[in-house]
Amino acid sequence: MDILIRSTPAEVAIAAADIFVRYANAGATLGLATGSTPVAMYQELTARYERQEVSFARSRAFLLDEYVGLARSHEQSYYSTIRRVFTSHVDFIDELVQSPEGDAADSDRAAAAYDQAIRHAGGIDIQLLGIGGNGHIGFNEPSSSLQSRTRLETLHPRTVQDNARFFENTDSVPRYALTQGLGTISEARHLLLLATGTEKSSAVRDMVEGPLSAHCPASVLQLHPRATVILDEDAASQLEDYEYYRFVDEHRPH
Ligand code: PGA
């Protein structure tokens, strides 16, 4: 795992954007994520697009996950969210920004179709990830099989609580989602996980230094040959080998 520690969330966004633009400009298939953490990176990418430093016109995108039971037009659906916070502000071809069909009559079928769609597109070149306070990635909650495929998942009570800020109240938060599985995510050629804030610090420690375990789904990154983790100081604050990671980052051989 490549671990980059930056002083502030703004610097995390810049470091992540530096990596992402290389893929976009090469017309790569991009895996996008919703949630609060990547918003600053999306703003940075939008600014670079406006300065004509990056184009998404040759890229396609797949979202990580989607709530079950919300219409696409619902403002909190991830279909709507990714357009509002990012893709509609740059030159993505809208039909090439795909997400699981959370309002399908048959969720199992929609999940399998999404997994297939990613494969048919040739796989994802770089998958952006956040991490839940409970160690989830996508909506792969603790106990998810490390080889799971895109599927219907029940949200963990902590996730419901964490996401209640986007809804009128906790009762309005959907209880189910379709999520790329941990096996699906692991097939992306490069994983880029961003985390900021102390509320992520124990999940980050478990992901980086804890045992490989379904209890911390993000620990599956330990098995990936190309995983980059970009943290601010707060998210990195519980890492035991903090000084070593800083040293490695500052003394890269190339
Ligand atoms: P957040 O969510 O970026 O809103 O903290 C991350 C996640 O739950 O995966």
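How far does a polar side-chain atom of Arg 165 lie from an oxygen atom of the ligand? I looked this up at the start, keeping in mind that the model is predicted. The distance is 3.0 Å.

**Ligand burial.** Taken alone, the ligand exposes 280 Å². The protein buries 81% of that area.

**Ligand contacts.** I went on to other polar partners. For His 136, I find an N or O atom of the side chain 2.7 Å from a ligand oxygen. Ser 36 takes part through its backbone: a polar atom there is 2.8 Å from an oxygen of the ligand.

**Ligand shell.** Next I listed the surroundings. Gly 35, Ser 36 and Thr 37 are among the residues around the ligand. Gly 130, Ile 131 and Gly 132 also belong to the surroundings, as do His 136, Arg 165 and Lys 200. I sorted the shell by residue class: one nonpolar, six polar and two charged.

**Ser 77.** Where does Ser 77 lie? I place it in the loop between strand 4 (65-67) and helix 3 (78-85). Ser 77 counts as buried because its relative accessibility is 0%, under the 20% cut-off. I looked for partners of its side chain. A polar atom of the Ser 77 side chain lies 2.7 Å from the backbone oxygen of Arg 72. The Ser 77 side chain also reaches the backbone nitrogen of Ser 80, at 3.0 Å.

**Asp 232.** I noted Asp 232 in strand 10, which covers residues 227-232. Is Asp 232 buried or exposed? Its relative accessibility is 3%, so Asp 232 counts as buried.

**Positive phi.** I turned to the backbone angles of two residues. Gln 52 is a residue other than glycine with a positive phi, near 60°. I find Gln 52 in the loop between helix 2 (39-50) and strand 3 (60-63). Its relative accessible area is 74%, so Gln 52 is exposed.

What is phi of Ser 143 near? I read a value near 95°, positive in a residue other than glycine. Ser 143 lies in the loop between strand 6 (126-129) and strand 7 (151-154). Ser 143 counts as exposed because its relative accessibility is 64%, over the 50% cut-off.

Notes:
Residues are numbered from 1 along each chain as its sequence is written. This is a predicted model: local features need pLDDT of at least 70, side-chain atom pairs count only at pLDDT 80 or more; totals for chains, interfaces and linings use all residues. Side-chain values use heavy atoms; hydrogens and water are left out. A residue is near a molecule or strand if one of its heavy atoms lies within 4 Å of it. A polar contact is a pair of N or O atoms within 3.5 Å; within protein, one must be able to donate a hydrogen and the other to accept it, and residues adjacent in sequence count only if both atoms are side-chain atoms. Accessible areas come from the Shrake-Rupley method with a 1.4 Å probe; for residues, only the protein chains shown count as cover. Ala, Val, Leu, Ile, Met, Phe, Trp, Tyr, Cys and Pro count as nonpolar, Asp, Glu, Lys and Arg as charged, and the others, Gly among them, as polar. Helices (H or I, at least four residues) and strands (E, at least two) are DSSP runs, numbered from the N terminus. Buried means under 20% relative accessible area, exposed over 50%, partly exposed in between (1.4 Å probe, protein chains only).
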